[in-house]
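Subject: Structure handover

Hello,

Here is the structure for your files. My notes on it follow below.

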Amino acid sequence: MNAIAPQVSTVSALPSADELDRSLRDASPAEIIAAALKTVGRDKLALVSSFGTESATLLKVMADVDPAIPVIFLDTGWLFEETLAYRDMLIAKLDLKDVRSIKPAEETLSRDDPDRDLWFSDPDACCRIRKVEPLARALKPFSAWINGRKRFQGNARADIPVVEDDGARLKFNPFANVSREEIEAIFTRAKLPRHPLVASGFLSVGCMPCTSRTAEGEDARAGRWRGRAKTECGIHTMKVS
């Protein structure tokens with residue numbers, strides 16, 4: 001009797017986050033996005049964007065690499081109309097091919113936030129049902145994702161690596177090393193439109209109830225959850241597996 005040879009998987013294991021981080025530590029944002037694309041392929045890579053005040057720069061770099069990389073946009077139900085209009089403007093200007101607007105589950109909203117005041121009583125829970133859980137759902141088909149966090153934003157972002165493991169997939173931070181000046185240079189060089197609320201003093205824009213104007217001399221994210229200890233919505237601090 002002939003022995004049955006064991007089946008050997010032809011799918012090679014992905015490199016570790018630490019290995020990728022070491023190799024991409026000094027790479028440009030475009031090189032990092034290209035490496036993410038090469039590592040997992042377009043069908044398994046997504047970019048998560050808020051279409052906020054600095055989002056156009058990362059989306060521009062991504063579009064120059066491959067405008068068909070899927071983009072996940074979390075439409076929480078509490079966004080400024082200006083943000084929704086800005087999303088549509090950037091989709092057209094950058095010729096983005098696959099932007100997916102993801103909303104929270106209606107069943108969850110009806111159960112946990114029927115009066116739409118959860119943002120006031122428990123902002124962490126509000127972020128969880130409107131951002132963290134929808135993102136976890138949207139990321140299920142993907143092996144890696146790209147986001148726009150920068151070390152100069154401080155707090156929990158001050159020491160982010162270029163590549164990390166979020167517990168379920170690779171997470172690429174191509175703008176980890178960029179400076180404010182480099183962000184401005186991309187805006188200028190590419191003639192990118194600004195978020196409509198920047199001119200009104202909003203330097204970082206999230207959901208309407210938890211976003212306020214930033215005073216002169218304040219950190220750009222000082223207007224987010226003003227008066228609370230909260231500095232992150234949770235998609236970068238909670239497991240999204």
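This is a predicted model: local features need pLDDT of at least 70, side-chain atom pairs count only at pLDDT 80 or more; totals for chains, interfaces and linings use all residues.

Strands here are DSSP runs of E with at least two residues, helices are runs of H or I with at least four, and both are numbered from the N terminus. Two strands pair if DSSP finds at least two bridges between them.

Residues are numbered from 1 along each chain as its sequence is written, and side-chain values use heavy atoms, with hydrogens and water left out.

Strand 1 (residues 45–48) runs parallel to strand 2, joined by two bridges. Three bridges join strand 1 to strand 4, also in parallel. Leu47 stands opposite Val71 in strand 2 and opposite Ile146 in strand 4. Val48 stands opposite Ile72 in strand 2. Both faces of strand 1 are covered: Leu45 and Leu47 on one side, Ala46 and Val48 on the other, are all buried. Buried means under 20% relative accessible area, exposed means over 50%, and partly exposed lies in between (1.4 Å probe, protein chains only).

Strand 2 (residues 71–74) has Val71 and Phe73 pointing one way and Ile72 and Leu74 the other, all of them buried. Four bridges join strand 2 to strand 3 (residues 99–102), and the two run parallel. Val71 has Val99 as its bridge partner in strand 3. Right-handed means that, with the strands pointing away from the viewer, the path from the first strand over the helix to the second runs clockwise. Strand 1, helix 3 (residues 55–65) and strand 2 also make a right-handed β-α-β unit.

Axes are lines fitted to C-alpha atoms, for helices over the stretch in contact, and angles run from 0 to 180 degrees between N-to-C directions. Helix 3 also packs with helix 8 (residues 180–190), at about 65 degrees and with the axes 9 Å apart. Their crossing is left-handed, meaning the near helix is turned anticlockwise from the far one by less than a right angle. Ala56, Thr57, Lys60 and Val61 in helix 3 meet Ile183, Ile186, Phe187 and Ala190 in helix 8. Contact means heavy atoms within 4.5 Å.

Last, a loop residue. Arg116 sits between helix 5 (106–112) and helix 6 (118–121). Arg116 is partly exposed, at 38% relative accessible area. Leaving aside neighbours within four places in sequence, Arg116 contacts Gly77, Trp78 and Arg130. Arg116 and Gly77 are 39 residues apart in sequence and 9.8 Å apart in space, C-alpha to C-alpha.

Best wishes
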